[in-house]
Amino acid sequence: MSRGMIYKLFFILFLIVFSSLLILPTVGTKKMEIKFSANSTAEEIEAVKKRFSSGGYELNLSEQTLVVSGRNITDAIMNEVRIYKGVSDAKLLKHWVETTFLAKKINLGLDLQGGMHLVLQANFEGIQNKIGRELTEKDKNEISLQALELLRNRIDKFGVSEPSIRPRGNEAIEIQLPGVKDPSGVKKAIGTTGSLEYRLVDDKYSAMAASWIVQNYKDKQLPENYDDLKLIIDEISKSIALPANLETLFFYKRDKDTGAILPDYPIVLEKQVSLMGTDIQEATVDRDEYGQVVVVFKTTADGAVKFAEATSEKNHGRKLAIILDNKVRNAPNIKETIGSGSGNISGGFAYEEAMTLARIIKEGALPVDLKIIEERTVGPTLGQDSIEAGIKAFAVGIVVIMIFMILYYKVAGVIADIGLMLNMIFMLAILSLLGFTLTLPGIAGFLLTMGMAVDANVIIYERIKEEIKKGKSVRMAIVAGFDRAFWTIFDSNLTTLLAAFILFQFGTGPIKGFAVTLFIGILASMFVALYVTRFTYEIISLNKKIKKLHI
Amino acid sequence: MEKTIDFLKYRFIALGLSFALMVSFVVISVFQGGLNYGIDFVGGYKVIVKFEDKSVNEGTIRQALAEFNPVVQQIGENDKNEYMISTKLLSSAESVAGSTTSAKFDMMKLKITEKFSNISFESEESVGPAIGDYLRKSAFKLAIMAVVMMTLYLAFRFEFKYSVGAMAALLHDIILSVAFCGAVGIEIDIPVIAALLTLYGYSVNDTIVVFDRIRETNEVRGKQLFSEVINKAVTQTLTRTMITAFTTMFSVLSLFFLGGEVLHNFASVLLFGLVIGTYSSIFIASPVVMWWEKWRTK
């Protein structure tokens, strides 16, 4: 073996080991941690345990924490458990591969784990009538982004964790909620427009509330769930003896990684509303004379009077909180009296932060109501049936293909089958790296690429056979076979790649998944056939005595 | 040397056969009222409901919901007693702007829960007309785009005459497959579109391997006629064409029989398309290249 071949061997072995590691979080056992609240009863814990009594789960209860491990633990199941009585929190634990290699796991699509998929669109006609002019593409995009911000702000009302909210095209928003139990509640939360208020902050009590949190909640994470947060709010208000004209709320911050809006610290506000959201007419992002990003706003005529009052001398130095749906999203300092009806908010914003704030202010000025234009809900049973059917079809399909290859090509068929297995491992590894969501059409695409993946082997083998017939030695035939087949395989696969790419562009949810599997499957099969299998034959032909090839 | 099969001899028979098939599919489709677009494209409401009451059947459901003129179909195993009930929007006026896609859907769901007790909704889909419109437009646009891109690629890698042959075979496959959907009443929904686009890839892939061989043989053809070159190349690649058709067929068949309700139409279209695609790369694609060549050199 030459040195180059040894390097190649190590490279291939490394790829196989690394890929196998990457797919561990997907195919291996998953763990979920369920925390019970301090006052949960034994029956409540028993009820949760009963949920996992069948289906091959392993349970481990210590104090108030139950760890469930099993193969098919999904976000949907996590969300299902979260609404059990006495459960304060449930979360999936990361596999060690995920934390060490930053790998992700392949998630199941809503059609396989159950859940709700919604596509929303702002009621553009209503807004058009209100502002009295046609909306441009840019307006529509901006309105959709404003609605997106509103939905992110309201995410806790959907009663699920791991929701995905993202724009679809320029004019619609797509929401995926795994394992949602109460579709009508979700629709209600979406159907209401945002309520925006401006209220003055009480610094003295805010400081007391903050120190209470530091004492009592120092290392603990604040609950995302509004009901649980309300309990903390009540506790704070009681312990700092809050006067009746004040109220405690939470300041929310955007998580940099996930984009989720999470509670950060408590803040005490006057109950009296200084300005309503509708008192502001407009908000845009601009730069001030120092080049800093600022949010510029203009009030209505009524609003100007109220604003002048709120920013009058006696309030200078205080903060005016901007509250969307009972969440404090910003609290700028009042520096001077604004009587002209327009002013700006500065605070060393990044551009994106300023855009978010402007959108929140606009939500008060011009509330967007959303309508559902597409809705798909899949129950957990159907999801389970679908995944079982998909896996069965996949397994049977693969086995039949493999048997056929062995029957037809004998030893070479075994090599092709090993290539097929590697292909599968590489494909799963790449999909894991991408944090891919597997849907039923995705499984179909996977199986289909397996059927087509052997094509590369077939082309090569048939070629080698021909070369041998022409009277070439085994070694020469192998080299010629691979060389000649290379461009054939390249050209034919590239057109399929084009089709997959176009499918991806067309893609709505599941079809996108299908296109991605097709695309990656073709790439993986080309790599395996033209690199790994070729290498195998190079090693075989090292044996100079070989006279006959079982093809 | 192996015997070369004279495939080109059958070119007129093949053409006639394809044409006859196409005409009969189209005629049957027209009699059945044209292509049957699914709710993904026209907007509508589809639910899968499980009934505990075993006496429920397709007829009783249809009767109970007569005012919505629903399509009712039992799915899965018999004893599961699950039915798919769907209704389509007849006009965009039926969609009412508000928090849900259409009042009609809410009414139908309400009616189902009123008329039957002990039921559970396994899945629910509602699609507004706006989505359908958007999908139809983009599906068409991308179908055209795919043809253009593949033609360009083939013209670049091969010669233009091969582009013509491959695209003729592709259009042949796609038109026949769509007509097939119309004839047997397969609803055009998103999975079916995915199947059709997969056929795009498969059909061209299959053809190219043959063309690649024609090109190769043509370079060393000597005194052979172009038609002899074609016959030789098709014969040489025949084993490959068949084996790949088989292995792909195995996976599609397994999806067809075991993949469950959701993948059934998807697999049917693929199955038909695979057979047609294999046939066309042998009997349609190459004659077209020959005709084009003859026509150009005249």
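Reply: Let's start with Glu374(A), whose bridge partner in β4(B) is Val127(B). Strand β18 (residues 370-378) of chain A and β4(B) are joined by five bridges and run antiparallel. Two strands count as paired if DSSP finds at least two bridges between them. The elements themselves are DSSP runs numbered from the N terminus, with at least four residues (H or I) for a helix and at least two (E) for a strand.

A quick word on what you're looking at: it's a predicted model, where local features need pLDDT of at least 70 and side-chain atom pairs count only at pLDDT 80 or more, while totals for chains, interfaces and linings use all residues. Residues are numbered from 1 along each chain as its sequence is written, and chains are lettered from A and ligands numbered from 1 in the order in which they are written.

Now zoom out to the whole meeting place of the chains. Chain B puts 54 residues into the contact and chain A puts in 60, where being in contact means C-beta atoms, placed from the backbone, within 7 Å. On chain B's side, the elements giving two or more residues are β4 (119-127), α5 (129-157), α7 (190-219), α8 (226-258) and α9 (261-283). That side divides into 29 nonpolar, 19 polar and six charged residues. Here nonpolar covers Ala, Val, Leu, Ile, Met, Phe, Trp, Tyr, Cys and Pro, charged covers Asp, Glu, Lys and Arg, and polar is the others, Gly among them.

Chain A is split into domain 1 (29-94), domain 2 (115-378) and domain 3 (380-540), with bounds that come from an automatic or database domain assignment. The C-alpha centres of domains 1 and 2 of chain A are 33 Å apart. Nine residues of domain 1 and ten of domain 2 make their contact. Helix α3 (residues 75-82) of chain A gives the most to domain 1's side, with six residues. As a whole, chain A has 17 helices and 19 strands, and 44% of its 551 residues are buried.

In strand β2 (residues 58-62) of chain A, the count of buried residues among its five is zero. β2(A) pairs with strand β3 (residues 65-70) of chain A in the antiparallel sense, over five bridges, and Leu59(A) has Val68(A) as its bridge partner there. Two residues lie between the strands of this hairpin, where Glu63(A) takes a positive phi near 50 degrees.

Most residues other than glycine have a negative phi. Asp325(A) also has a positive one, near 50 degrees, in the loop between β15 (320-324) and β16 (327-330) of chain A. Buried or exposed? Asp325(A) is buried because 21 other C-beta atoms lie within 10 Å. Lys410(A), with phi near 55 degrees, lies in the loop between α13 (380-409) and α14 (411-433) of chain A. Lys410(A) has 13 other C-beta atoms within 10 Å, so it counts as partly exposed.

Ile112(B) is in helix α4 (residues 103-115) of chain B, and it counts as buried because it has 20 C-beta neighbours inside 10 Å. Leaving aside neighbours within four places in sequence, Ile112(B) is in contact with Val49(B), Leu65(B) and Ile119(B).

How values were computed:
A residue is buried if 20 or more other C-beta atoms lie within 10 Å of its own, exposed if 12 or fewer, and partly exposed in between; C-beta atoms are placed from the backbone. Two residues are in contact if their C-beta atoms, placed from the backbone, lie within 7 Å.
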